[in-house]
Amino acid sequence: MSSLELPDRSLGVVIIEAIVYIAMTIISITGNTLVCLAVYRNPKLRSTINLYIVALAASDLLCATVEMPLASTVLITGRWDFSDALCELQGFVDVFVTYTTPATMGLTAFNRYMRIVKTHDYNKIFSPLKSKIWLSCVWLSLAFYLLIGRVTNWNSFEFDPGYAVCSLAFTSTESKIIHYCLMFGLLFILPFSIAFFSYYKVFAKIRQHKLDVAQSLENASNREGRISVQEINVSRTLSYVVAGFLVCWIPMWALIFWKRFSPDTAPRVVQLLAILLLFLSSTINPFIYAATNRVFRGEFSKCCVGGK
């Protein structure tokens, strides 16, 4: 079997895999586009925190428009029929999305901690301009790391039949171990440790002052040093996003490590499920926003029916 071909599959398996991946591609593109349109159309949604929501949606859209369609095509045809350049692009996007998403979520959680718990210091760290700088630093740092690694042949991007996508390949066992220790530690464990700490403190603060917040802030949501009910609701919504993300990514990382460090024992279904969970995490966030945020829900409805 060629390294560009998938293992033999029955017609039923081909149909099921193709339907699932195509459906997720359409849903993810539609949902995350609606998130971006909602923020663009509604001035009430153009807040600093929604900048982070748009960043998450942009990361998901990158996955949905570059990685998902190619994976769907491969699952239909049974082989990689695209150019090496496109493989490099898909591999870059695969790794970039894998790490920028949790890093962005960790930064978002710290934003909520500062806004709810350390309110008086919030604007010193998370003004609109500084928020854009934080996000740019996180995204550009990872992009440069991947590009430098590729230029120096520290790693490469190759088609992996098990994953049905192009992904990161390593020139040595040492480079693989260093990469995963660095990236998994800095851009997965650290962000979610920050997220856990931040949301624990946020909801402890909310529980402690719930009645005072509801009564004294509802009519003064824009006062300096004050926390509005809207901010609390946004924090709750984002905590659900993190929870949904972890439901997808904890098993995904377990499967990835199994595949990377014991490839001979990892069956194809394990490898394909890892990518499926990555794609699922890029699909569910718009549903969380619609279910928990009335303003987003209203904008989604307007966009779908063509309203203004």
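Is isoleucine 148 buried or exposed? In this predicted model, isoleucine 148 has a relative accessible area of 52% and is therefore exposed, the threshold for that class being over 50%. Isoleucine 148 belongs to helix H5. Together with Leu140, Phe144 and Leu147, Ile148 makes up a nonpolar surface patch of about 410 Å².

An unreviewed UniProt entry lists residues 12-40, 52-76, 96-113, 133-151, 177-200, 238-258 and 270-292 under "transmembrane region". Two of these spans were examined in the model. Residues 133-151 are 100% helix and 0% strand, with 26 Å between the end C-alpha atoms. Residues 177-200 are likewise 100% helix and 0% strand, and the end C-alpha atoms of that span are separated by 32 Å.

The structure contains 26 aromatic pairs. In one of them, tyrosine 52 and phenylalanine 126, the ring centres are 6.2 Å apart and the planes meet at 75°, so the geometry is edge-to-face. Tyrosine 52 is part of helix H2 (residues 48-77), while phenylalanine 126 is in the loop between helix H4 (122-125) and helix H5 (128-151); the pair therefore ties together parts that are 74 residues apart in sequence. Tyrosine 52 and phenylalanine 126 are both buried. A second pair, phenylalanine 245 and tryptophan 249, has ring centres 4.2 Å apart and planes at 25°, and so counts as stacked. Both residues of this second pair, phenylalanine 245 and tryptophan 249, are in helix H7 (residues 229-261), with a spacing of 4 residues, or about one turn of the helix. Phenylalanine 245 and tryptophan 249 are also both buried. These two residues take part in one aromatic cluster formed by Tyr99, Phe170, Tyr180, Phe184, Phe188, Phe192, Phe245, Trp249, Trp253 and Phe257. A contact between a charge and a ring is found at arginine 115, whose charged end sits over the ring of tyrosine 122 at 5.4 Å from the ring centre.

Helix H7 also contains valine 234. The relative accessibility of valine 234 is 9%, so this residue counts as buried. The C-alpha atoms of valine 234 and arginine 112 are 8.7 Å apart in space, although the two residues are 122 residues apart in sequence.

Salt bridges number 8 over the whole structure. Glutamate 5 and arginine 79 form one through their side chains, with an N to O distance of 3.0 Å. Glutamate 5 lies in the segment before helix H1 (11-41) and arginine 79 in the loop between H2 and helix H3 (84-116), so this bridge ties together parts that are 74 residues apart in sequence. Glutamate 5 has 29% relative accessibility and counts as partly exposed; arginine 79, with a relative accessible area of 27%, is partly exposed as well.

In a further salt bridge, the closest N and O atoms of glutamate 17 and arginine 268 are 2.8 Å apart. Because glutamate 17 is in helix H1 and arginine 268 in helix H8 (residues 268-281), this pair ties together parts that are 251 residues apart in sequence. Both glutamate 17 and arginine 268 are buried.

Glutamate 88 and arginine 150 meet in a salt bridge of 3.0 Å, N to O. This pair links helix H3, which holds glutamate 88, with helix H5, which holds arginine 150, across 62 residues. Glutamate 88 is partly exposed at 26% relative accessibility, and arginine 150 is partly exposed with a relative accessible area of 26%. Salt bridges with shared partners also join Glu5, Arg79 and Asp81 into one network.

Backbone geometry was examined at two loop positions. Asparagine 153, a residue other than glycine, has a positive phi near 60°. Asparagine 153 is placed in the loop between H5 and strand S1 (155-160) and is partly exposed, with a relative accessible area of 49%. Alanine 164, which is not a glycine either, has a positive phi of about 65°. The loop between S1 and strand S2 (165-170) contains alanine 164, and at 1% relative accessibility alanine 164 counts as buried.

Technical notes. Residues are numbered from 1 along each chain as its sequence is written. This is a predicted model: local features need pLDDT of at least 70, side-chain atom pairs count only at pLDDT 80 or more; totals for chains, interfaces and linings use all residues. Side-chain values use heavy atoms; hydrogens and water are left out. UniProt positions are given in the numbering used here, feature names are shortened, and annotations may be inferred rather than shown by experiment. Rings of Phe, Tyr and Trp (its six-membered ring) pair if their centres lie within 6.5 Å; planes under 30 degrees apart count as stacked, over 60 as edge-to-face and the rest as tilted. Buried means under 20% relative accessible area, exposed over 50%, partly exposed in between (1.4 Å probe, protein chains only). A charge sits over a ring if NZ of Lys or CZ of Arg is within 6 Å of the ring centre and within 35 degrees of the ring normal. Patches are made of residues with over 30% relative accessible area and no salt bridge: like charges are joined within 9 Å, nonpolar side chains (Val, Leu, Ile, Met, Phe, Trp, Tyr) within 5 Å. Accessible areas come from the Shrake-Rupley method with a 1.4 Å probe; for residues, only the protein chains shown count as cover. A salt bridge is a side-chain nitrogen of Lys or Arg within 4 Å of a carboxyl oxygen of Asp or Glu.
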